[in-house]
Amino acid sequence: MAAILGISAFYHDSAAALLVDGEIIAAAQEERFTRQKHTPDYPRQAIDYCLAEAGLKMADLDQVVFYDKPFLKFERLLETYASFAPRGFASFRKAVPVWIKDKLFQKTHLLEELNQHDGGMDGKTELLFSEHHLSHAASAFYPSPFDEALVLTLDGVGERATTAVFLGKGNQLTPLREINFPHSLGLLYSAFTYYLGFKVNSGEYKIMGLAPYGEPRFVDLILDKLVDLKPDGSFRLDQRYFNYATGLTMTNRRFADLFGQPRREPETEDLAQFHMDMAASVQAVTERIVLALVQDLAREFDTRNLCLAGGVALNCVANGKVLRDGAFDRIWIQPASGDAGCALGAAQVAWHMEQDQPRLPQADRPGGDGMKGSYLGPEFEQADIETRLRAAGAEFHVLAPAALSDRAATDLAEGKAVGWFQGRMEFGPRALGGRSILGDPRSPTMQKTLNLKVKYRESFRPFAPSVLKERVSEYFDLNEPSPYMLIVADVQKARRKQMSEADQALFGIDKLNVQRSDIPAITHVDYSARVQSVDHETNPRYHDLISRFEEKTGCAVLINTSFNVRGEPIVCTPEDAFHCFMGTDMDTLAVGNCYLVKGEQDPALAEDYTSKYALD
Amino acid sequence: MSILIELVHFLVARKKYWLWPMLIALILIGGLIVLTQGSAIAPFIYTVF
C-alpha cells in the first residue's frame, strides 16, 4: 500500500488530500473545521480527518507533498523588487521580514507540524514540493475522463507562472508554455474586484454575478490601456495602472483616473450602474482572453479534450462560453479549482510522475471521472448525528430515508427553505447536495427571500439550480452533464417569459424584479443559470429528493445554495448545520435521517447570525 | 543554518548568480528589520507574496 498526503497551505484556502494506491480517499479544506473562511493556516484538522478516513497514522504515509515551491516564489519576489526598484520599497519593507522570519522556513515548519500528528512521521516518509501550476494541472488531468488532454491552468500567481499549458498523456504531464507574473488574468479580475469594493480572493464571484446587470462599455478601454491581448491569447498588463507587484493595494490612482471614479467604498457605498458596467466589462475581457487562449490551443494541437483548473476556472460563465465555442469536443474542470485543489494535485504529481505509477481509466467510474462527485469530506453515522443534535439541544423526528425525502419534497413544494445535510461533505467551493440549502425555483420571491433572510447577502446575487442529470436539456441549453456547477448555460427558450417593453427598458438592479422564466428563482437577468446536474450514481439521496419534488410539482429542478451565511465557511458537522439553521430563517432541516422543524425548536437556542461572521 | 545551505544550493542550481549580492544585502537588512520589530505579518490585500 502506498499512501500520499497532499497539502495546500500558508497563503489561502488551506487543504489536505489523501491518496492510497492512487485512489482519492479523502480531501477537505481546513476552513470547514476551523470555521474561518479561506484560512491560510496549516491544515491540521483537515489532515487529521484524511488520515482518520483512511484509518492511517502519519507514520503510515510514504510521501507528504506540499503544493508549491517556496524558494521559487522567493526568487520571483527578489526579481520583482529588483526590476521595479526603487518603486516597491514599502512592499519590500513589509515582505522581507515575513520571508526572513517565516516563509523561507516553510519546510522546517511543515516538518514540525507534521510530527505533531499522532506520533509524527516515520523516518522513511519523504517530504516533497510540487510546483504550483503543475499541482493545479495534475488535479485537472488525472481525475478527468480523458486519456489525453491539453490542460490550461489560470490563476492569480503561483511561484512565477500565472497561466500555464500542459499536455496530459498517460501518466505524464508535459509543460508546453506559460505566462509569468505580473501578467495575470486572475490578478486582473482581482484588481477589478478590489476597485469595485469587494474582497479580493473572495468577492470575485460577486463580480461575475453582478456582470449581467451591466453593459460592457469599458471593454475597449481595458483592451486599449490595461491589457495588451495578442491573437494567440497571450497578454501583458500595463503595470502603470496596477499596484499589486510593488504596493499594498491592487490598483492605483492612475487606474481610478482612467475610469473616472475612485474605488467604491466597501459595504457602505451603494452599487451604481457604473459598477455593474465595470463588472460586465472585466467579465467580457476575461471571456475574450480565455477564448483566445483556448482557440489557439485547439488550432495548434490535435488533442480534442481540454482540462481546466486554477482560480479563473471557477469562472463558470467563461467556462460555459468555452464549452459552447466548440474549439474542443470535451472539457473537464476540476471542482476544487482554487488552491485547495492543489493539495490533491500535489499528491497526484507524486503518485503518477514521481513514482511513475500508471493512470487507470477514469471515464467508467461513478459520475464519469475520478472525483467521486467531489464528495470527499467527512460524513456522520446516523447514531452520531442523533447524539450530536441532542447535545446541541435540537428537537427532531427520525424518519426512514424515503419518508424523509418525501417530507422535504413536500416542504419545498410549499415554498419552504430546507437545509439538506447528507453524506460526505463536498471538496471545493460549491455545495453539491451534501451541505446545501434548497428552495423551490418556481417561486418568484424565493431569490430575494433566500438572499436576505437566509444567506444574509446582497440581493443581486443569483442562485444556482440542481437538475436531474437526465433532464438537463429540458431546462437548459446544455447537452451534457455539469456535475460540479462549473458551467453556465441559458434557460431553454421555451421556458422563458415574454418581456414587456417596460421590462426590457429596465436597468441595473431593477431587472431583478422581473420574472424571466417558469423557474425564475434560478434564472439570472441574462437568462443564464449555473447548472448542477445531479447524478444518481454519485448522490442517490439528492437525486431521489429532486425526483420526488418533480412528482409533486412537475419540476425537476431545485434551488441549491451552499449551507452557510455570508462570510461563513460551508457547514461541516451536524452542529454547524443546526446552529446555522437556528441563526437564519430556514424552515426545516434534514440531517441524515433526522428532520427538524423550526417551530419545534427552543427559541432560546436561536443566535444572531447576521453579524457572526466577518463579511466576505 | 541548513536553510542558508539549501538557499545556496538552490541559487547554484538555478544559476541565478546575479541574485547573490541582493540576497546577502537582504539577509542583513531583513535580519535587522526582524530584530527591530515585534512581529512580521503579511499585510497584503492579495497574497502575492
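How do the residues of the lining of the largest cavity divide into nonpolar, polar and charged? I shall answer that for the structure before you, which is a predicted model.

Let me begin with the cavities. The structure holds four of 30 Å³ or more, and the largest contains about 80 Å³ of space. Its lining divides into four nonpolar, six polar and two charged residues. Among the residues that line this largest cavity are A:Gly367, A:Asp369, A:Gly373 and A:Tyr375. The lining also includes A:Pro483 and A:Tyr484, together with A:Gln532, A:Ser533, A:Val534, A:Asp535, A:Thr538 and A:Asn539.

I turn now to the domains. Chain A is divided into domain 1, covering 3-133 + 342-370, domain 2, covering 185-332, and domain 3, covering 382-605. Taken over C-alpha atoms, the centres of domain 2 and domain 3 of chain A are separated by 29 Å.

What, then, lies between domain 2 and domain 3 of chain A, in terms of residues in contact? On the side of domain 2, 21 residues take part, and they are in contact with 24 residues of domain 3. The size of an interface is often given as the accessible area lost when the parts come together. For domain 2 and domain 3 of chain A, the buried area is about 1,900 Å², with carbon and sulfur atoms giving 63% of it.

Finally, the polar side of this interface. Two salt bridges are found across it, along with eight residue pairs in polar contact. As for individual pairs, A:Arg566 forms a salt bridge with A:Glu267, and their closest N and O atoms are 2.7 Å apart.

Technical notes: Residues are numbered from 1 along each chain as its sequence is written. Chains are lettered from A and ligands numbered from 1 in the order in which they are written. This is a predicted model: local features need pLDDT of at least 70, side-chain atom pairs count only at pLDDT 80 or more; totals for chains, interfaces and linings use all residues. Side-chain values use heavy atoms; hydrogens and water are left out. On a 1 Å grid over the protein atoms alone, a cavity is a set of points where a 1.4 Å probe fits but cannot get out, and a pocket is an open set with protein on both sides within 12 Å along at least five of seven lines; lining residues have an atom within 4 Å of a point. Grid points are joined across faces, edges and corners, and a volume is the space filled by probe spheres set on the points. Ala, Val, Leu, Ile, Met, Phe, Trp, Tyr, Cys and Pro count as nonpolar, Asp, Glu, Lys and Arg as charged, and the others, Gly among them, as polar. Domain bounds come from an automatic or database domain assignment. Contact means heavy atoms within 4.5 Å. Buried area is the accessible area (1.4 Å probe) that two parts lose on being put together, summed over both. A salt bridge is a side-chain nitrogen of Lys or Arg within 4 Å of a carboxyl oxygen of Asp or Glu. A polar contact is a pair of N or O atoms within 3.5 Å; within protein, one must be able to donate a hydrogen and the other to accept it, and residues adjacent in sequence count only if both atoms are side-chain atoms.
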